[in-house]
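User: I would like to go through the pocket and the aromatic contacts here. Please keep it brisk.

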Amino acid sequence: MKEFKSILVDTDEQGLRHAQKLADEKLKLFNEAVEWCEKHIVLDDLKAFEDDMVTYFEQQILEQHGHKIALKVSAKKLMDIMDIERSTLMAKAEVYYSNPATIIIRNGKPTTKVNKKSYERWTIDAIENDMVECANNFIKAFNDVTKYTKVYPADICHGTNNFVRFDIGKGELKYNPNRG
């Protein structure tokens, strides 16, 4: 009996593209929030800012500008005095935190990382490895036949009880791990 080694069945390209789009949007929002804040404060800890934008901003407003007035006031009152519209940052933060993507602060720079492995489907046992191999052989034979005659992939899928499926986006047959 040969040793089982998991093989890649498929990658959810559409899901991966969607996740990357969300990550790019989140990074853009983060950079916009940083840019807005830098008009009013010096951001010296992007990680703390990323953890809680509004709280960090309010703390820094007090630390960096609180000495400008003789009275001890709240961050909100100080922003009112300085004519800083807090709702702008709050709106950006709300959209930012509702986005499920992850921002990583690496070497003082924000970046995104979408884990491609999360969108990959791998075989789980030797039997499924055999099924993938069988499907790939079938698909190769199908492609050979299409050199000589018109063959309808939907009919092939139906004829194999969806053992193979037709990926419309890529225009090709693939093993179908989700049949049944």
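User: Which helix gives the most to the lining of the largest pocket?

Analyst: This is a predicted model, where local features need pLDDT of at least 70, side-chain atom pairs count only at pLDDT 80 or more, and totals for chains, interfaces and linings use all residues. Residues are numbered from 1 along each chain as its sequence is written, and side-chain values use heavy atoms, without hydrogens and water. Strand E1 (8-11), helix H1 (13-37) and E5 each supply at least two lining residues. Helices (H or I, at least four residues) and strands (E, at least two) are DSSP runs, numbered from the N terminus. The top contributor, with three residues, is H1.

User: What is the geometry of the pair Phe163 and Tyr175?

Analyst: Rings of Phe, Tyr and Trp (its six-membered ring) pair if their centres lie within 6.5 Å; planes under 30 degrees apart are stacked, over 60 edge-to-face, the rest tilted. The count by this rule is six aromatic pairs. For Phe163 and Tyr175, the centres are 5.7 Å apart and the planes at 75°, so the pair is edge-to-face.
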